[in-house]
Amino acid sequence: KLLYKDLFNLFGPLGYQINCLWYRFFGIKISSLLFAGEVCSLCIIYLTYFISRYFLNVKLSFVYTLFVMSACVFSLTVFNFILPYSFSLLYAYLFFLFAILCFLYAFKYEKNDIFLILSFLFMGFSITSKYEYTPFIFVLLFYTLFVFKKNIKLIFTNIIALCAVPVISYGALFVEGVTISDLLKNQELVLAHVSSESLHYFYTHYTGTFFSMDLFNNLFSAGINYKLLFLFFPYIIYGIFFYTLLDKIIHKNFNLKLDVFFVFIIISIISMLKTGFIMKIDLYGSYTVSLPLITFLAFVVNKVKDKDKKDSLNKIFAVLLIFISFLSVLNLRNYVYLVTPLKTEKGVIYSQKYFVKQTEILLEYLKKNVSKEKTLLVMPEGVMFNYITGYDMKLYNYYSLLPTFIDTFGIDNILKDIENAKIDYII
């Protein structure tokens, strides 16, 4: 099946194409995806460390990286890095970090244009996976044109580097049979999706993308827990931005070429737009906390007087270690007591005992009573079940029937398609 032609797709095609390569080399099984996640996680650990080293000393960068590992990589939420909810988001984030590191090196080695070119290239990879970090392209363009003041030849080279990956990725789809008409029809559905009431409700009441007092009520009604550790962290970063901006205006020391930290504050804000009003570490927060945390640590360290710096660094070090210890113990407890393996034909999946038990009963029933020629539609979001069992779902556009997708396709259209398809089993 082809993206955009046979399958509705919200994101760019690159993430799916990368996973196809993993499948080609390592087989169509869950372990191939786990290996992909492990490789990405290892890269993200190194990238966040080297990015932090631009602003922090070795000791603090090391502890910061341990925090990223405990809070993001090894977390058992669906937004972890090893087997994430969305591989497209994982790849977009990974390439975004590559682009940032190259951008920072462009400051350090200004005479060597290769780092700026690579930054544009990696952003091409990022936006072709998912469009999350697109605003960073405008930062790159601004600095290329007005700060580094590169010549017209390099500007065109950067634009070519940015466009190369999208052209190749979408070009491969055109070769396979996708048409402009298919992309336009898919785009109509995307617009319906992003403008749906249910999506706005989700982003307002759960993720913190938009502001709502109901969001605070929902969070605090669950009581105090580790998910609230970084609840108001975005406002701290906004405060750092405005403080730094006013300080530069008052002291008239605005030099964008020399002040790398100021542009990094902007980059960290771009990275956390998904959680711009409330940051939940278990819901997108694992992707939005890392860069703002570097901003916060660098700001605090820079504001401490030299005579108090060693003592302050030790205190920051201790606080981070407490966070890391807490999260590590929590992760270990979850691994030991809350996680149960589910063995399938495609590999092993780990989940909560209740869900594993229910799924094992269902798998056993299907094995004994339902032939592989039958069709199976699992709602609201059960395409993974088709994957591990081998049953055809027939209605490939309905791999998710969460409220946002129901708004996108229309309930009447969905019911009509299900009726016409004559699905054998609906779960």
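Biologist: What does E364 form with K368?
Modeller: E364 forms a salt bridge with K368 (a side-chain nitrogen of Lys or Arg within 4 Å of a carboxyl oxygen of Asp or Glu), and their closest N and O atoms are 3.5 Å apart. Keep in mind that this is a predicted model, where local features need pLDDT of at least 70, side-chain atom pairs count only at pLDDT 80 or more, and totals for chains, interfaces and linings use all residues. Residues are numbered from 1 along each chain as its sequence is written, and side-chain values use heavy atoms, with hydrogens and water left out.

Biologist: Where do E364 and K368 lie?
Modeller: Both are in helix α16, four residues apart, which is about one turn of the helix. Helices here are DSSP runs (H or I, at least four residues), strands are too (E, at least two), and they're numbered from the N terminus.

Biologist: Is K368 buried or exposed?
Modeller: K368 is exposed, at 64% relative accessible area, while E364 is partly exposed at 37%. The cut-offs: buried is under 20%, exposed over 50%, partly exposed in between (1.4 Å probe, protein chains only).

Biologist: How many salt bridges does the structure hold?
Modeller: Seven. One of them joins E132 and K274, at 3.3 Å.

Biologist: New topic: how many disulfides are there?
Modeller: Zero, searching the whole structure; a disulfide needs two cysteine sulfur atoms within 2.5 Å. The sulfur of C40 is 6.5 Å from its closest cysteine sulfur, in C43, so that's too far for a bond.
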